[in-house]
Amino acid sequence: MTAELPKDLHSWATRLRTKHFPPDRNFLEAHVTLFHALPAQCEEEACDYLKQLVGEFAPVEAHLEGVMSLGGGTALKLTSPDMLTLRDQIADRFHGLLTQQDQHRPRLHVTVQNKVTAKEAKALQQVLEFTVEPREFRFSGFALHRYRGGPWDFVRRFAFRGAAR
């Protein structure tokens, strides 16, 4: 499950990812992972719950902070206390069904490079430090995908349309 970036930010981050991510491993466009593995048997319940949430909440405020090191990769660092609060609500809903990895709050980010040497990652980070400008934005919704051992199958997008902030 991912948080949806606004179109302009998504397009720009996807271009960075296409340019810098090892091509044999790059199956996805830019994305912000909220959960790595919701149980497949919960897909219908997850869809129903996400429909409810997006009906209650307006697009969620967030901030692109800058560049973040992943050790053997590079990411765009994001902050959004409100998105993490919504993520906590979803985690509570699926308590007892989450993987160990998904039981912890994520560091919000968009991976633009991964599975490279630390030297390659540091070189890209130095370049991006001068080109990535911090900015405010709003997450537009959620998306669900099914993992298929490489490529992901898109399930559904859920756009925020409520009034609550």
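Student: How many disulfides does a search of the whole structure find?
Tutor: This is a predicted model, in which local features need pLDDT of at least 70, side-chain atom pairs count only at pLDDT 80 or more, and totals for chains, interfaces and linings use all residues. Residues are numbered from 1 along each chain as its sequence is written, and side-chain values use heavy atoms, with hydrogens and water left out. A disulfide is a pair of cysteine sulfur atoms within 2.5 Å. Searching the whole structure gives a disulfide count of 0.

Student: Is C47 buried or exposed?
Tutor: Buried means under 20% relative accessible area, exposed over 50%, and partly exposed in between (1.4 Å probe, protein chains only). The relative accessible area of C47 is 12%, so C47 is buried.

Student: Which strands stand at the edges of the open sheet of 4 strands?
Tutor: Strands are DSSP runs (E, at least two residues) numbered from the N terminus, and two of them pair if DSSP finds at least two bridges between them. The sheet has the order 5-4-3-6, with antiparallel pairing. Each edge strand has a single partner strand, so one side is left without a neighbour in the sheet; these are strand 5 (109–113) and strand 6 (135–139).
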